[in-house]
Amino acid sequence: MNFSRSSALDASVGILCLALAVLGAGCGPKDGKDEYAEAQQAYSLRNLEKASELFAKSAELDPGNADALVMLARSRLDLGDLAGATDAIAKAQAIVPDDIDVRELSAQLAWHAKNYDLAREKFLAIAKDGSLEPAVRAQAYAGLGVVDMTLGGISSSGSQLWVRDRARTEFLQAIALDPRCASARYHLALVYRDEPFGYADAALEQFQFFVRLSTTADPRMQNVQRVVIPALKEEIGARLASRPGASNRDSTASAALLKKAEEAWKKSTFKTARLRYEEAYKADPLSYPAALGLAKAWEKTDTTANGMKRAYEYYRAACQLRAGSVKTLIAAADLAVKLGQHASAADLYSRAVASSARDITAIDGLIRSLRKCGNGQSAAVYQKYRDTIPVKRR
């Protein structure tokens, strides 16, 4: 046994450390792991003040813990402390500059700071990074779309409308990469619902996708489910109910006349078919088959300018009755082009894209019509989007 002074001191220290360890205090320096775990729990419960304090303590105890700094930035952002969040993410970026969480949050913070050029630069770098998972790149495209929605809303001048078109194509690219990207679905729905688009049917479809994809019943999802979707359904219903003659429709008589029209069409007696389609449409102004049949019959039987106008009139009616029919929208748009109505054609092709986002015929028609209207900036946006689609339809 060694009873020297130094040995006795070492033994005393060892006994003291053991006692402290038993009491839970430990002997070595703290590493911040306990604080980080407690902070995560607080954050999950939305106790943001406590979470922020604990993430800050964890980062202080372990300055190399980038995860703590990222979560500190998130909690501070949630608290509205933009400066504090920016400071935390800058420290994380110094440690792990290529970490995707750091890059994404840095882009979001640039948007919150209204530094839209920087936000676009950061989101675009992620979106174009082919080494990343499609879902990650999709979120970046959704971020780009949000930036452009903001830029498009800053100015109401017509010269800025192309920015909304760019936002639209960025959300479409996000969905192409990841159809389950809820953020892209939600924001695309907003774009379609509001001006300058106003596509209630397309907006409804995207909002419904968003609700199905949402993993938590947060206030935004609940508002969409309880307020936004019912309002859109009511708007669409009111639009149909307001059509002349809708209150006196006779669907049974219309169906019988439709059958006669189709029989005449098969026999190539097109003028007779046109008369029966017209009677069917009068009987039921909400009959899509009657409106479409009448449009085709006019197109078949009268090639004069007046005949083309009548065909176009009924194609437009068919489009209003079934807003998601891509073939009908394209047929109406093609006829609008022949009539020299390029603005109307652009609207119809655009609606066709809303129903089938990667339909090459619709996109190419939209690009041509926008150019005819002198809207080169929007045409260039859709051409860039068109170039991302490798295979032509049919």
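Tutor: Helices (H or I, at least four residues) and strands (E, at least two) are DSSP runs, numbered from the N terminus. The model is predicted, so local features need pLDDT of at least 70 and side-chain atom pairs count only at pLDDT 80 or more, while totals for chains, interfaces and linings use all residues. Residues are numbered from 1 along each chain as its sequence is written, and side-chain values use heavy atoms, with hydrogens and water left out.

Student: How many helices and strands does the chain have?
Tutor: The assignment rests on DSSP runs. On that basis the chain has 20 helices and 0 strands.

Student: Why does the chain count as more spread out than a compact globule?
Tutor: The radius of gyration is taken over C-alpha atoms, and the globule rule is 2.2 Å times the number of residues to the power 0.38. The C-alpha trace spans about 120 × 45 × 35 Å along its principal axes. For 394 residues the rule gives 21 Å, and the chain is more spread out because its radius of gyration is well over that, at 31 Å.

Student: What is the volume of the largest pocket?
Tutor: On a 1 Å grid over the protein atoms alone, a pocket is an open set of points where a 1.4 Å probe fits, with protein on both sides within 12 Å along at least five of seven lines; lining residues have an atom within 4 Å of a point. Grid points are joined across faces, edges and corners, and a volume is the space filled by probe spheres set on the points. For the largest pocket this comes to about 710 Å³.

Student: Which helix gives the most to the lining of the largest pocket?
Tutor: The lining divides into 13 nonpolar, 9 polar and 5 charged residues, where Ala, Val, Leu, Ile, Met, Phe, Trp, Tyr, Cys and Pro count as nonpolar, Asp, Glu, Lys and Arg as charged, and the others, Gly among them, as polar. Helices that supply at least two lining residues include α4 (66-78), α6 (100-112) and α10 (182-193). The most, 7 residues, comes from α8.

Student: Which residues lie closest to the centre of the second largest pocket?
Tutor: This pocket has a volume of about 330 Å³. Of its 16 lining residues, the closest to the centre are Asp 165, Phe 197, Ala 346, Leu 370 and Asn 375.

Student: Which helix supplies the largest share of the lining of the second largest pocket?
Tutor: At least two lining residues come from each of α9 (161-177), α18 (342-355), α19 (360-372) and α20 (376-386). The largest share, 4 residues, is from α18.

Student: Is Thr 169 buried or exposed?
Tutor: Thr 169 is in helix α9 and touches Val 381, Tyr 382 and Tyr 385, not counting residues up to four places away in sequence; contact means heavy atoms within 4.5 Å. Buried means under 20% relative accessible area, exposed over 50%, and partly exposed in between (1.4 Å probe, protein chains only). With a relative accessible area of 4%, Thr 169 is buried.

Student: How far apart in space are Gly 376 and Trp 162?
Tutor: Gly 376 has its place in helix α20 and is partly exposed, with a relative accessible area of 43%. In sequence, Gly 376 and Trp 162 are 214 residues apart, yet C-alpha to C-alpha the separation is 9.0 Å.

Student: Which residues are in contact with Thr 388, leaving aside its neighbours within four places in sequence?
Tutor: Thr 388 lies in the segment after α20 and is partly exposed, with a relative accessible area of 34%. Its contacts beyond those neighbours are with Gln 173 and Arg 358.
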